[in-house]
Amino acid sequence: KEYAGYYVKVASEHIHVAMDVLSDMLVNSKFASDDIDRERGVILEEYNMYQDTPIYQVGWNFERLLFGDQPMGWSQVGTKELIQGVKHEDFVKYKESLYTPDNIVMSVVGNVDDRAVLDMVSKYFVFSNEKKQYKWKPYKKVSGGERVFLHHKKTEQAHVVIGFYGYPETHKDHYAEKVLSVLLGGNMSSRMFLSVREKLGLAYYISTTTDDYHDIGVISTRAGVDVRRIDDAVTAICGEYRKVVEFGVSEAEIVKAKEFLKGKLTLRLEDSEEYAHLLGKYELLHDAIKMPKEIIAGIDKVSASDVMRVAKDLFTEDRLRMALIGPYEDKQRFEARLKF
């Protein structure tokens with residue numbers, strides 16, 4: 001939604017080849033019309049694949065519901081009209097507006113020498129266009145609007161996302177929100193999993209996650225549900241949100257959720273590609289590198305009272321939204337179930 005990443009992962013002795021190939025792609029692309037036409041067909045098939053895959057499509061429907069008709073609410077793959085109509089000139093204009101030296105961050109992780117990397121970047125990444133900062137438009141909050149996005153489709157399984165507007169990544173309670181999401185549905189010992197899936201048998205898959213952007217966020221639960229038991233599933237998911245607000249969370253749950261988050265981060269960053277992504281993303285979006293130890297320290301500071309404060313702030317009925325794909329046509333039926 002907020003950035004594009006180009007990466008090469010190679011053995012350290014081949015870093016010159018990686019730099020050469022990557023820089024050629026970014027700096028010297030010609031966008032030949034024949035190449036665009038060939039790729040157009042590939043992207044159209046990708047578009048069709050997602051349309052036929054409700055588990056993906058329901059998430060984009062949910063974002064459209066929350067964010068409306070603005071960039072945050074649009075699917076990254078685009079529309080059929082755009083894919084079929086985009087031309088050489090559009091690619092050139094797009095590249096010239098975004099791919100400028102002041103709008104690019106390079107992140108290199110591995111068995112490399114700092115000075116040598118700087119020399120390689122200066123050698124390979126030489127841009128002809130002048131420095132000019134891209135003017136991005138901040139997110140505009142959508143007020144009012146629909147609470148349910150219902151997509152009628154004959155499916156064997158209903159796919160649902162139920163959630164709330166959340167915090168941006170820069171918010172002081174960002175890590176408390178992350179801990180809350182893990183506690184609710186981040187793993188197989190979470191509340192949503194044990195209650196909605198294991199105890200009630202209402203869902204095949206179910207998970208709660210956050211989407212963390214620069215100026216807005218989302219906390220939501222997605223599930224694959226028996227089409228005949230969708231009403232019970234919606235009620236059960238909303239019920240788990242409500243229980244956190246009404247009855248609180250235990251210290252043991254907080255400790256488990258925090259250890260899960262830290263363990264997941266530690267394991268992920270064993271991959272040099274993931275480490276480079278982490279450093280580059282923070283530098284690009286927040287103008288400051290955030291090291292893993294800072295993230296872990298932020299997670300460690302979260303207390304049960306922090307999680308409760310976040311839950312009471314975010315989990316309110318006016319923020320509650322739902323996207324659903326399945327063999328249903330009566331939207332009012334689900335609006336009535338969307339209680340908190």
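Colleague: Let's start with R228: is R228 buried or exposed?
Modeller: The relative accessible area of R228 comes out at 71%. Buried means under 20% relative accessible area, exposed over 50%, and partly exposed in between, using a 1.4 Å probe and protein chains only. That makes R228 exposed.

Colleague: Before we go on, what pLDDT do local features need here?
Modeller: Residues are numbered from 1 along each chain as its sequence is written, and side-chain values use heavy atoms, leaving out hydrogens and water. This is a predicted model, in which totals for chains, interfaces and linings use all residues, side-chain atom pairs count only at pLDDT 80 or more, and local features need a pLDDT of at least 70.

Colleague: Back to R228, then: which residue meets its side chain in a salt bridge?
Modeller: A salt bridge here is a side-chain nitrogen of Lys or Arg within 4 Å of a carboxyl oxygen of Asp or Glu. R228 has such a link at 3.2 Å, N to O.

Colleague: How many salt bridges does the structure hold?
Modeller: One of them joins R64 to D69, with the closest N and O atoms 3.8 Å apart. R64 is partly exposed at 37%, while D69 is exposed at 60%. There is also a network linking K172, D173, D306 and R309. The count for the structure is 22.

Colleague: How many residues apart in sequence are the parts that K331 and E146 tie together?
Modeller: These two form a salt bridge, the closest N and O atoms being 3.1 Å apart. Both are partly exposed, K331 at 25% and E146 at 44%. K331 lies in helix α14 (residues 331-337) and E146 in the loop between α6 (114-124) and β1, so the sequence separation of the parts is 185 residues.

Colleague: Now the sheet: which strands stand at its edges?
Modeller: Helices (H or I, at least four residues) and strands (E, at least two) are DSSP runs, numbered from the N terminus, and two strands pair if DSSP finds at least two bridges between them. The open sheet has five strands in the order β1-β5-β2-β4-β3, with mixed pairing. Each edge strand has a single partner, so one side of each lacks a neighbour in the sheet. The edge strands are β1 (148-152) and β3 (203-212).

Colleague: And which residue in β5 is the bridge partner of F149?
Modeller: β1 runs parallel to β5 (residues 321-326), and five bridges join them. In β5, the one facing F149 is A323.

Colleague: Which helix lies across β2, β3 and β4?
Modeller: Contact means heavy atoms within 4.5 Å. Axes are lines fitted to C-alpha atoms, for helices over the stretch in contact, and angles run from 0 to 180 degrees between N-to-C directions. The helix across β2 (157-166), β3 and β4 (217-226) runs at about 180 degrees to β3. It spans residues 174-185 and is called α7.

Colleague: At what angle do α1 and α6 pack?
Modeller: The axes of α1 (residues 15-28) and α6 are 10 Å apart. The contact includes M19 and S23 of α1, and M120 and Y124 of α6. The packing angle is about 30 degrees.

Colleague: Last one: what separates the C-alpha atoms of N111 and S12?
Modeller: N111 is found in the loop between α5 (88-98) and α6, and is exposed at 68%. Along the chain, N111 and S12 are 99 residues apart. Their C-alpha atoms are separated by 6.0 Å.
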